[in-house]
Protein chains: 2
Amino acid sequence: MVRWEPDAYGRLRDAALSLFVEQGFEKTTVAQIAERAGLNRRTFFHHFADKREVVFAGQLASDDLIATEIRAQPPGTDPLHAAVAGLMLASDTLYEQYREGAIQLGAVIAASPELQEREMVKRATLADTIAAALRDRGTSEAGATVSGWAAVAMFFVARNRWNQPGNQRPLSDLIDEAHKEFLTA
Amino acid sequence: MVRWEPDAYGRLRDAALSLFVEQGFEKTTVAQIAERAGLNRRTFFHHFADKREVVFAGQLASDDLIATEIRAQPPGTDPLHAAVAGLMLASDTLYEQYREGAIQLGAVIAASPELQEREMVKRATLADTIAAALRDRGTSEAGATVSGWAAVAMFFVARNRWNQPGNQRPLSDLIDEAHKEFLTA
DNA sequence: ACGGTGATGCCACTGAGTGCAATCAACGAC
DNA sequence: GTCGTTGATTGCACTCAGTGGCATCACCGT
């Protein structure tokens, strides 16, 4: 006999996300999340550093893949192109199948200043990760940082368009489009 | 006879900043801030939306000046150059005299994840403001957004260098340098 | 059998942020 | 000059996030 139902982490995440979709982030308390997951309030904080983190669970893994793709770009490619190419490759692998969920999550985040704040931190982390990968390819400090942020900006411009109702185009297309729009701006 | 000592806002801001420098942000409570300012805890929240906001008091005004400078750039200038030029002009006016304070504040922010989180929101606001100014000059949606973020990245790369102990160069020089580093990267 | 490990649970506590009503100087209307 | 209004401040009570410490107890290796 098992002492506990398995996958407390997953149950907490699912409970949290469904409550956030139903009631919004701010109106949901950690106590409610724990109750729906059949767990103690304290247990929530054993698995997630805070109430906001559950929304972004599992983002760090994709950052790693993006960095790997960037490092694998042919030497001599200029930094911005390398970063964009890495984002495009990773986005095909990671995002394409999640559009439904991404739209729902996007709506939850858009409705909560607190979550937008945390999202900015995640963007900064991604920008730093990209910048580190670019520096490994020999890009200067400032060049890498600025390219990292520019690439992140393109990525999120593209992700917004990808999330629009009715969009059929793959995310990587839209990243490429944002890149071209920037270069010719 | 005055009912209250004047400038509650300023007293709260000064009390807060001095306590943050002395003890760090997390170890300072709003009650302590109010006490040092000779005011009630509740009054703090009438002047600042939350404990973090006091650190960034008065940033919005500089955002406006930056946007104005960008809109005043000669038509035909490409967006990134216009944004950088606007930042350089505004930084001469706004930042040059505050280096001491900026260094202290920078240390407070660097020591607190909560404040870094809020700082990212402020950067996002600045990026949006710049992007809006660029759109007014006819730049495309994506081009303006990406240029806005790239300009903000340059600005903060430059501000970091400007904050380094021993730096003598004006902020606008360092912005220009970051810009050139990006273009030749 | 047994001691260690780690996930879970319980309790009490601090501190941020909020809603609401009360106070009372200053000020303008008349 | 009186009076009603305004607005900054106060006090209180409340919810809820997040933390620290300790107890519990299946499971696992020895």
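This is a predicted model: local features need pLDDT of at least 70, side-chain atom pairs count only at pLDDT 80 or more; totals for chains, interfaces and linings use all residues.
Chain A contains nine helices and zero strands. Read from the N terminus, its elements run α-α-α-α-α-α-α-α-α. Along the principal axes, the C-alpha atoms of chain A fill a box of roughly 60 × 35 × 30 Å. Chain A has 185 residues, and 36% of them count as buried. Contacts between residues at least 6 apart in the sequence of chain A were also examined. Of these, 62% join residues at least 24 apart.

The domain assignment divides chain A into domain 1 (8-54) and domain 2 (58-183). The centres of domain 1 and domain 2 of chain A, taken over C-alpha atoms, are separated by 27 Å. Six residues from domain 1 of chain A and seven residues from domain 2 of chain A take part in their contact. On the side of domain 1 of chain A that touches domain 2, three residues are nonpolar, one is polar and two are charged.

Helix packing was examined in chain B. Two packed helices are described by the angle between their axes and the distance between the axes. In chain B, helix 5 (residues 79-94) packs with helix 8, their axes coming within 9 Å and crossing at roughly 40°. Helix 5 and helix 8 of chain B are therefore oblique to each other. Their crossing is right-handed. Helix 5 of chain B contributes P79(B), L80(B), A83(B), V84(B) and L87(B) to the contact. Helix 8 of chain B contributes G143(B), A144(B), S147(B), G148(B), A150(B), A151(B), M154(B) and F155(B). By class, the residues of this contact between helix 5 and helix 8 of chain B are ten nonpolar, three polar and no charged.

Helix 8 (residues 141-163) of chain B also meets helix 9 (residues 171-183) of chain B, with axes that come within 8 Å and cross at roughly 130°. Helix 8 and helix 9 of chain B are therefore oblique to each other. The crossing of helix 8 and helix 9 of chain B is right-handed. From helix 8 of chain B, the contact uses M154(B), F155(B), V157(B), A158(B), R159(B), R161(B) and W162(B). Their partners in helix 9 of chain B are L171(B), L174(B), I175(B), A178(B), H179(B) and F182(B). The contact of helix 8 with helix 9 of chain B has ten nonpolar, one polar and two charged residues. M154(B) and F155(B) are listed in the contact with helix 9 and in the contact with helix 5.

A127(B) lies in helix 7 (residues 113-136) of chain B. A127(B) is buried, because 25 other C-beta atoms lie within 10 Å and the cut-off for a buried residue is 20 or more. Apart from its neighbours within four places in sequence, A127(B) is in contact with G148(B), W149(B) and V152(B). A127(B) and A107(B) are 20 residues apart in sequence, and their C-alpha atoms are 23 Å apart in space.

Between the chains, 23 residues of chain B are in contact with 23 residues of chain A. Helix 7, helix 8 and helix 9 of chain B each supply at least two residues of the side that touches chain A. The largest share of that side, ten residues, comes from helix 8 of chain B. By class, the side of chain B that touches chain A has 14 nonpolar, five polar and four charged residues.

Note on methods. Residues are numbered from 1 along each chain as its sequence is written. Chains are lettered from A and ligands numbered from 1 in the order in which they are written. Domain bounds come from an automatic or database domain assignment. Two residues are in contact if their C-beta atoms, placed from the backbone, lie within 7 Å. Ala, Val, Leu, Ile, Met, Phe, Trp, Tyr, Cys and Pro count as nonpolar, Asp, Glu, Lys and Arg as charged, and the others, Gly among them, as polar. Axes are lines fitted to C-alpha atoms, for helices over the stretch in contact, and angles run from 0 to 180 degrees between N-to-C directions. Helices (H or I, at least four residues) and strands (E, at least two) are DSSP runs, numbered from the N terminus. Angles under 35 degrees count as roughly parallel, over 145 as roughly antiparallel, 65 to 115 as roughly perpendicular and the rest as oblique. A crossing is left-handed if the near helix is turned anticlockwise from the far one by less than a right angle, and right-handed if clockwise. A residue is buried if 20 or more other C-beta atoms lie within 10 Å of its own, exposed if 12 or fewer, and partly exposed in between; C-beta atoms are placed from the backbone.
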